[in-house]
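Keep the structure open while you read.

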Amino acid sequence: MTAVLVVVVVALLLAAWVLAIANRLDRLHVRTDAAWAALDAALARRAVVVRALLDPALSAAASRAESASRAERESAENELSTLLGALDRSALAPALASELADAEERVVLARRVHNDAVRDTLLQRRRRIVRWLRLSGTAPQPSYFEIAEPAAPSDAVMLTPRPSARVLLVDAGGRVLLFQGFDPARPQELFWFTVGGGVEDGEDLRDTAVREAFEETGVKLDPEQLAGPVWRRRAVFSFAGQTFDAEEWFFHAPVDAFEVDTSGFDDAEEHSIASYRWWTAEELAATEDTFYPVQLAELLPTLTAEWDGQTRSVR
């Protein structure tokens, strides 16, 4: 009888614990949805203020941002930010300049609140108990909103162009090698990304891809092994306080599975890359982790076919 009572008590405690986790996860999803609504409203207000400037190019960019789908919203908003960065604010009426600065500040704050909510939600969704019991249910996985923000809200948004070559190292089992890293300014926000890096002066994309693959993994590729560029991705991201306008060109390289050698990492890579692993498309589709490009799980299986010579845009 005593043993049965103990089992019942333990079961009740476990049920209460699981219920508490589920309730917290539900609150986090509600918080994330509310944060996105606030960010969307802040972006909409910025667009309204921008149209009041009566600049045709800015008004058109603001309209494109407002009408963009969620998948294209980052790109459209960053286009608007870039145009605002080139705006001569000294020529604006003081009241209008002040309203624009206030609208930009609200976007910055709303974006930070949204990304903080996304981070907390993703951390909860990645807990083993949440994954094992599928406590997230059918709730969609939230995603960060990457939009350039000035050092101070009234400053111009300065984007540093960064062309890069990336390599999709795919083994015979269809697995792609990814690194997991973080922005030193936000070490709690981990994400997975492909091998590759910035183009150096005088390099072409293929040479960069070969060099980066060797420096980051130890694998020696022949330029002729690379198919592509198969994909092209435009993105704005921040790293160590600097904001980059990245243009990424992806090459595909079939390889035999190998032991990754990271001894060629530079100082920044040593301090911002936490791990690496080989991923299948199925694992990417099932994970709660953040990875880029976001379409990788969908497009990875297509790399097994012979490249048709077209470079496709990905997100």
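Which residue forms a salt bridge with Asp 183? It's Arg 186, and the closest N and O atoms of the two are 3.9 Å apart. Keep in mind that this is a predicted model. With a cut-off of 4 Å for a salt bridge, the 3.9 Å contact counts as one because it falls within that limit. Both partners, Arg 186 and Asp 183, are buried.

**Charged pairs**

Side chains of opposite charge can pair when their charged atoms come close. Here the count comes to 27 salt bridges. Three of them are set out below.

| Salt bridge | Closest N to O distance |
|---|---|
| Arg 186 and Asp 183 | 3.9 Å |
| Glu 248 and Arg 233 | 3.0 Å |

Take Glu 248 and Arg 233, which meet with their closest N and O atoms 3.0 Å apart. This pair links distant parts of the chain, with Glu 248 in strand 5 (residues 242–254) and Arg 233 in strand 4 (residues 227–239), 15 residues apart. Glu 248 is buried, and Arg 233 is buried too.

**Rings**

A pair of aromatic rings is described by the distance of the centres and the angle of the planes. Searching the whole structure turns up nine aromatic pairs. Why is the pair of Phe 179 and Tyr 276 edge-to-face? The ring centres are 6.2 Å apart and the planes lie at 75 degrees, so the pair gets that label, the cut-off being over 60 degrees. Phe 179 lies in strand 2 (residues 176–183) and Tyr 276 in strand 6 (residues 273–279), so the pair ties together parts that are 97 residues apart in sequence. Phe 179 is buried, with a relative accessible area of 0%, whereas Tyr 276 is partly exposed at 34%.

Phe 191 and Phe 193 make another pair: their ring centres are 5.8 Å apart and their planes are at 50 degrees, so this one is tilted. Phe 191 counts as partly exposed, at 25% relative accessibility, while Phe 193 is buried, with 17%.

**Charges over rings**

Some arginines sit over tryptophan rings. The charged end of Arg 277 is over the ring of Trp 279, 3.7 Å from its centre. Arg 70 lies over the face of Trp 36, with 4.4 Å to the ring centre.

**A nonpolar patch**

Last stop, the surface. Val 6, Val 10, Leu 14 and Trp 17 make a nonpolar surface patch of about 360 Å². One of these, Val 6, lies in helix 1 (residues 2–51). At 46% relative accessibility, Val 6 counts as partly exposed.

Terms used: Residues numbered from 1 in each chain as written. Predicted model: local features only at pLDDT ≥ 70, side-chain atom pairs only at ≥ 80, totals over all residues. Heavy atoms only, no water. Patch = residues over 30% accessible without salt bridge, like charges linked within 9 Å, V, L, I, M, F, W, Y side chains within 5 Å. Areas by Shrake-Rupley, 256 points an atom, 1.4 Å probe, with all protein chains shown as cover. Salt bridge = Lys/Arg side-chain N within 4 Å of Asp/Glu carboxyl O. Helix = DSSP H or I, 4+ residues; strand = E, 2+ residues; numbered from the N terminus. Buried < 20%, exposed > 50% of the residue type's maximum accessible area, 1.4 Å probe, protein only. Phe/Tyr/Trp six-rings, centres within 6.5 Å; stacked < 30°, edge-to-face > 60°. Lys NZ or Arg CZ within 6 Å of the ring centre and 35° of its normal.
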